[in-house]
Amino acid sequence: MVKAKSPKHQKSGLRPGWIGIGVSTEGLSDLAALMAAVPVDLGISYIILPHLLPSYPCRILALLNQATSMPVLLAEAGLYPQPNTVYVASSDYDTALNQGYFVCRKRTGDAGHYPSLNVLLNSLATEKQAKAMAIIISGLGSDGSAGICNIKSRGGYSFTLLPDAVPYTTMPLAAIATGHVDWVLPAEAIAEKISMMAQTCDWSTLTHDALVTSECLKKLLALTEHQENLWICIIHRMRTHHIMSFHDYLSLMQAHPEELEYLSHDLGRDQSASLLKDRMLPFFMKNSKFIVSLKDVSGRYEFINRQFENFYQITTEQILGQTDATLFAPSLAQDIQIKDLKAAAQKTPLESEDKIVLTEASERLLYSIRFALRNKQGEVSHICTQSLDTSEPQDEDNNLRLAKRVFSRAGAGILVTDAQANILTVNEAFVRLTGYAAYEVIGQNPRILASGKQNHEFYKAMWTALLNQGWWQGEIWNRRKNTEIYPEWLTITAVKDITGSITNFVGIFSDFSTVIASKSRIEFLATHDELTGLPNRSLFYDRVHQTVSRSSRSPHTFALFFVDLDDFKSINDSLGHAAGDKLLVEVTHRMRACLREGDTIARFGGDEFAILLEEATVHEADMMALRIAESLKPPHIINHHPVYPSASIGICMFPHDGTDADTLLKHADSAMYRAKETGKHHHYFFTEALRQTEKEQLDIENDLREATRLNQLFLLFQPQIDLTRNKLAGVEALVRWNHPEQGLLQPDQFMPQAQQSGLIDAISTWATLTSCQQLAHWLRLGIQLPGLSINVCGEQLRSFKLVTLMHELILELKLNKASITLEFTEAALIHDAMHMRAVLHELKSLGLRLSIDDFGTGYSSLMNLRHFALDEIKIAQSLVKDLVQSADARVVAQTVMAMAKSLGVSAVAEGVENMAQLQILQDMGCTLAQGYLFAPPLTGDELVNRFI
């Protein structure tokens with residue numbers, strides 16, 4: 001591969017940078033959000049390392065192609081990263097930079113299942129130093145931590161996603177534990193910070209010098225003798241420069257002597273309100289009776305008070321700049337980090353109990369309150385923790401105060417009554433939940449809350465249980481002050497004195513409305529479609545079963561419809577999924593309006609519907625199908641666009657076409673597909689002929705599932721001839737089936753069923769693998785073919801696994817990739833052209849040739865063909881067959897030839913059977929052809945003996 005030249009800046013003012021990103025499966029949505037939010041012109045090269053198993057299909061390319069307009073490419077060995085480009089590293093190799101170029105190394109057996117993020121980040125640190133950045137989004141283990149430390153030591157920066165945002169958090173947590181992470185933010189905030197840094201920091205000139213001169217240190221020490229607030233001012237200056245360690249700040253002062261003047265200026269600003277605040281706050285915190293600490297967002301201690309020093313037996317000098325890993329065991333340190341991050345993510349203080357193990361024989365319990373400190377921009381800058389040691393027994397006053405605090409701050413409503421059930425006190429949650437102020441209910445009986453929904457027997461049973469057992473628990477409906485009735489989950493406990501007499505009752509309750517609503521919602525969604533509110537497949541099956549049971553005992557017949565909207569996918573792709581949902585809702589309303597009372601319509605998913613017409617004749621079913629078709633004819637206005645959907649409807653009748661729900665639905669589905677084959681916008685009744693065809697297709701499908709396992713499939717090779725030299729120009733691999741009963745089957749006898757049953761992907765993958773193995777076998781024998789064409793199906797192209805398969809086959813079999821051509825039909829390109837373009841681009845980047853088969857029979861736009869990286873167009877056999885008799889066929893063929901020439905691609909004529917066809921093609925300028933005139937499809941040995 002020819003190496004690209006070193007990149008230049010895209011435009012002045014933007015400095016190039018290199019960012020390494022580690023992500024696992026659960027972080028892909030956050031990765032897409034990050035790349036969607038990053039401006040596309042920052043001059044940065046983004047290198048994404050998927051922390052995935054080698055066998056995991058790499059869908060990141062497709063995901064990022066939708067998220068960003070920047071080019072998204074595979075990080076191939078020998079490629080120089082360009083600015084404003086996203087590179088996705090392989091999950092099969094360790095990827096690194098060496099002298100600016102990508103290097104991909106196969107992992108050894110001891111290297112683990114995943115590619116190493118440390119390898120990538122360490123190479124970024126070595127190669128790019130202060131221009132390097134790291135982002136850890138998600139992942140298992142501690143991979144990336146060493147790389148972040150290395151980047152930080154070279155002057156670079158690092159981010160992690162908020163660990164609460166993704167399920168797999170051990171990689172972000174391990175990175176934070178190093179104390180070298182600069183920011184812990186959501187994905188969009190990371191993008192905003194990167195954009196700001198790229199616009200304001202001159203990354204092209206950043207350097208890092210770890211040496212600190214003794215002169216700089218002496219100046220700082222001299223200031224310390226005269227100013228006791230030096231440390232506060234140094235922290236302020238470090239925040240200004242986004243510097244996270246004191247050592248780095250000394251290096252900055254060495255490189256920029258004027259920084260010492262700024263520091264001295266801050267020390268002299270006695271009247272500054274912000275500085276006064278910084279000085280007063282530590283004074284009060286230092287002398288507080290609580291255990292107080294202040295940490296930055298990466299978990300490094302910036303302040304502790306005397307109580308902290310005494311409790312942990314550690315000095316300020318020992319802990320400042322360190323993380324919790326210095327004080328605690330790894331599990332405890334991680335637990336505290338998670339609580340700090342939760343406090344940073346919420347606006348209210350976070351209360352918790354922290355079990356602290358100081359020594360093997362000493363375990364303490366701290367009651368802690370954590371809260372975030374924010375800067376003027378609203379960003380979290382620090383986490384402050386205040387703790388109280390509750391391990392030792394407290395005196396009665398302290399216990400009372402604690403009980404009062406729990407009572408007032410509890411989330412559940414609490415009321416306390418005397419033995420006669422008169423309310424003595426209520427808590428804040430009671431006031432919030434009922435709407436009654438405390439003074440309105442104190443002295444009253446709780447019956448003022450009664451809704452009237454429970455009868456006398458209910459309350460009698462409650463009091464019986466309460467007096468006999470000492471407690472009662474259950475669901476009860478009460479009334480708020482505004483008369484709203486709501487359900488609550490109530491627990492009542494009797495409080496007794498030392499003699500066993502009841503002195504008080506304590507009621508604790510919570511609003512049960514959301515639970516009941518959620519339960520009802522879950523029950524509804526279990527049997528209904530969320531979008532349209534129609535019954536789903538499960539409920540529809542149940543109703544069909546019931547109708548079958550009723551109709552079996554009567555002479556009545558009923559009809560079952562299977563309805564599929566025509567071309568719904570193209571509407572979805574052109575107008576968007578939201579517009580598609582609106583159309584489905586509108587279609588539902590129109591079809592439902594056509595039905596009679598008692599009939600059922602259900603949505604099975606996507607654009608598939610089913611209808612049950614009870615007690616219907618064939619004539620009534622026919623009329624209903626026509627009525628539905630007419631209802632869909634008027635335009636549907638979706639997002640100000642008129643849309644004209646139609647439907648293909650399959651109909652079967654009970655009991656003639658089936659006597660159970662499964663059979664009826666299967667036959668209606670078959671009839672619907674026949675309706676689509678007849679031109680869509682039709683309805684079709686299930687027939688005996690269709691039943692026979694269905695049986696034959698089922699037999700073929702069952703036999704086909706065994707064909708590959710029993711080696712019944714094999715390949716033949718159709719020669720392609722260079723007409724100018726009358727020599728072999730290549731061969732096309734063709735699949736044949738040696739059926740054990742029907743003999744040799746041509747593709748048109750089994751491929752349609754393979755397509756419908758979903759087996760086409762497996763067969764095409766087998767053909768691709770077998771073709772490449774045959775090519776490798778010929779190479780080992782010293783046989784050099786000019787080229788080999790392999791047919792691939794649309795299902796293979798719609799995922800990136802074909803890219804992975806071809807990449808593995810080329811490497812494993814040592815194939816000449818330039819000699820392999822992948823053929824696909826026009827139909828494969830019609831749907832989701834943007835995605836297909838990305839897949840074809842990846843195949844092309846592997847060095848493979850691409851060809852469109854049967855060209856001239858599909859509906860692809862000629863204008864769009866120039867966007868696909870094609871090497872060849874094959875003129876359809878049906879056109880070649882009519883060349884002699886049809887002037888129209890000659891015009892189309894001539895047009896295809898001219899178009900191929902203008903696009904700079906080859907044109908191959910298929911199915912040439914006689915000299916008259918060949919002469920016309922040669923007169924048109926055709927130079928490549930294949931067909932029975934030259935040779936039928938041959939076995940491998942026949943091909944070698946005849947042409948090699």
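1. Trp737 is buried, at 0% relative accessibility (buried is under 20% relative accessible area, exposed over 50%, partly exposed in between, with a 1.4 Å probe and protein chains only). This is a predicted model, in which local features need pLDDT of at least 70 and side-chain atom pairs count only at pLDDT 80 or more, while totals for chains, interfaces and linings use all residues. Residues are numbered from 1 along each chain as its sequence is written, and side-chain values use heavy atoms, with hydrogens and water left out.

2. Phe750 is also buried, with a relative accessible area of 0%. The whole structure holds 17 aromatic pairs (rings of Phe, Tyr and Trp, the last by its six-membered ring, with centres within 6.5 Å; planes under 30 degrees apart are stacked, over 60 edge-to-face, the rest tilted). Trp463 belongs to helix 18 (residues 456–469) and Phe505 to strand 19 (residues 502–511), 42 residues apart, so the pair links distant parts of the chain (helices, H or I of at least four residues, and strands, E of at least two, are DSSP runs numbered from the N terminus). Trp463 is partly exposed at 35% relative accessibility, whereas Phe505 is buried at 5%.

3. The rings of Trp737 and Phe750 are edge-to-face, because their centres lie 5.5 Å apart and their planes are at 85 degrees. Trp737 is in strand 28 (residues 727–739), and Phe750 is in the loop between strand 29 (743–745) and helix 26 (751–757).

4. Strands 16-15-19-18-17, in that order, form an open sheet of five strands with antiparallel pairing (two strands pair if DSSP finds at least two bridges between them). Its edge strands are strand 16 (423–426) and strand 17 (471–479). Strand 18 (residues 485–496) and strand 19 are joined by nine bridges. Trp489 stands opposite Ser510 in strand 19. Helix 18 packs on the sheet and touches strand 17, strand 18 and strand 19 (contact is heavy atoms within 4.5 Å).

5. Two lysines sit over tryptophan rings: Lys128 is 3.9 Å from the ring centre of Trp18, and the charged end of Lys453 is 4.0 Å from that of Trp477 (NZ of Lys or CZ of Arg within 6 Å of the ring centre and within 35 degrees of the ring normal).

6. How many disulfides does a search of the whole structure find? The search finds zero (a disulfide is a pair of cysteine sulfur atoms within 2.5 Å). Cys104 is partly exposed at 27%, and Cys772 is buried at 0%.

Terms used
Axes fitted to C-alpha atoms, helices over the stretch in contact; angles between N-to-C directions.
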